[in-house]
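Trainee: I am new to this structure. Could we go through it by question and answer?

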Amino acid sequence: MSSQGVDDLISRLRGAECYNATVDFKVLMSLQDDVSYHVDLYSTVSPADTLAPCDYLIRWSVPGSENSAATDGFSAYFSGNLFTFRGERMVERHFLSDPMPFLPSGRTPGVQRRTQFAELLPQFIADEIEAITASPTDYIWHFNPDTIVGGRGAMALGARLEVNGAVSREALYIFDRESAMPVSITTDNNPGALAEQTIVATYTPPSAPLACAPLSDSLLAGMYPDIFEKYRENTFAIVNLPGQPLPRFALPTLSGERYTYLGRTQGFRQPTLIVLFEPESSFARATIEGVRSAVMQLPYNADILWASVSNDRDAVDCLLPAARMGETTLVSAKALARDCGTATFPVVILVGSDGVVADVVVGYNNSLVSDVIQKAAMLH
């Protein structure tokens, strides 16, 4: 065994800032039919996240055969939020709503660390290699920092796990010598046994890399609109929105133009209040008057986005017949309300110029003006 170069390999894997790859993933089994997957990987390093070493989106598919139909699915994790879809069912978990599934239980890691194919991501491979090299009593391993595999310069790490004197697992990791990114991983489970299983993962650069945009539920909903519409069972709760980036959106204005917000990369020109409301509600007019009164009393300038969840332009026009300075009126905002995690209106979302939600005010009451003024103090 030699640790020379392994620490550097682990560091480079863990520090992969924006990673894209496609993987040919084969499961070869002695007692069952072999299975082949096509896997698309995307990850961005997330050093401040204590739950996972990276944000990731994993898309997979299995081609159909004479006896089975083609299937596909995806897993996505970012900032304490996990989405998984397979078998016409989407499971959505949020750490702020229910932290238990994300926390390890004994030797079992949290759900965000054991989603299918997460072990193929370089940041997770770094954790695996670190565990192998830190357990000399469990693993016998060897690292070659300079070899040739398939005609290309490579690094190779081989490891063997023995349990009660019998080989339980053998693994061979091949990495590109220049980039340190994975080239292939071959794993034999229970080698030589009747139930032997061999897994071969072969990496290639993607034909169309995903841009290094921050992952969000609105981004996923845009990529998979039918899935989110049909299978989403629960939504991100509005009470958990503070501290999170405001979801991206594109909505029509009352005048017929398009208002597009691209997320934190765009931000706002100054602190902004997004007011989600139902124009038919008996509280709509009082909400508009209350928010305007609060904004006028702030010690700084703030913009207002009036976002009607209704498509009834006439009803909205009756409430907001003329746009005031710093105000924009939007309609058909149900999708934005869904992405923010609310079906209760009115809602006032207070957003800093950096695009991060500072706080929310849910519902209408007689203290709306003072509530908005108090919470808006966090924006400046």
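Mentor: This is a predicted model, where local features need pLDDT of at least 70, side-chain atom pairs count only at pLDDT 80 or more, and totals for chains, interfaces and linings use all residues. Residues are numbered from 1 along each chain as its sequence is written, and side-chain values use heavy atoms, with hydrogens and water left out.

Trainee: How many helices and strands does the chain have?

Mentor: Helices (H or I, at least four residues) and strands (E, at least two) are DSSP runs, numbered from the N terminus. Counted that way, the chain has eight helices and 18 strands.

Trainee: What percentage of the residues in the chain is buried?

Mentor: Buried means under 20% relative accessible area, exposed over 50%, and partly exposed in between, with a 1.4 Å probe and protein chains only. Of the 380 residues in the chain, the buried share is 48%.

Trainee: What is the order of the strands in the open sheet?

Mentor: Two strands pair if DSSP finds at least two bridges between them. The open sheet has eleven strands with antiparallel pairing, in the order β6-β5-β4-β3-β2-β1-β11-β10-β9-β8-β7.

Trainee: Which strands stand at the edges of that sheet?

Mentor: An edge strand here has a single partner strand, so one side of it is left without a neighbour in the sheet. From one strand to the next, the twist averages 15°. The strands at the edges are β6 (89-94) and β7 (139-149).

Trainee: Which residue of β8 is the bridge partner of H142?

Mentor: Strand β8 covers residues 152-163 and runs antiparallel to β7, with nine bridges joining the two. In β8, the bridge partner of H142 is G158.

Trainee: What angle does the direction of helix α1 make with that of β7?

Mentor: Contact means heavy atoms within 4.5 Å. Axes are lines fitted to C-alpha atoms, for helices over the stretch in contact, and angles run from 0 to 180 degrees between N-to-C directions. Helix α1 (residues 6-14) packs on the sheet, where the strands touched include β2, β7 and β8, and its direction makes with that of β7 an angle of about 80°.

Trainee: And what angle does helix α2 make with β9?

Mentor: Helix α2 (residues 122-133) also packs on the sheet, and the strands it touches include β1, β3, β9 and β11. The angle between its direction and that of β9 is about 130°.

Trainee: Why do the buried residues of α1 lie on the same side of the helix?

Mentor: The buried residues of α1 are V6, L9, I10 and L13.

Trainee: Which elements do the buried residues of α8 pack against?

Mentor: In α8, L368, V372 and A376 are buried. Seen down the axis they fall within an arc of 60°, so they line one face of the helix. They pack against β14, α5, β17 and β18 (357-362).

Trainee: What distance does α5 reach from its first C-alpha to its last?

Mentor: Helix α5 (residues 284-296) has 13 residues.

Trainee: Is D176 buried or exposed?

Mentor: D176 lies in strand β9, and a polar atom of its side chain is 3.0 Å from the backbone nitrogen of E178. Beyond its neighbours within four places in sequence, D176 is in contact with R152, G153, M155, M181 and V183. Its relative accessible area is 15%, so D176 is buried.

Trainee: Is P299 buried or exposed?

Mentor: P299 lies in the loop between α5 and β15. P299 and H380 are 81 residues apart in sequence, yet 8.8 Å apart in space, C-alpha to C-alpha. At 76% relative accessibility, P299 is exposed.

Trainee: Which residues does D339 touch, not counting residues up to four places away in sequence?

Mentor: D339 is found in helix α7 (residues 334-340). It is buried, with a relative accessible area of 7%. The residues touched by D339 are D217, S218, A221, R232 and P247.

Notes. The expected span of a helix is 1.5 Å times one less than its number of residues. A polar contact is a pair of N or O atoms within 3.5 Å; within protein, one must be able to donate a hydrogen and the other to accept it, and residues adjacent in sequence count only if both atoms are side-chain atoms. The arc is that of the directions from the helix axis to the C-beta atoms.
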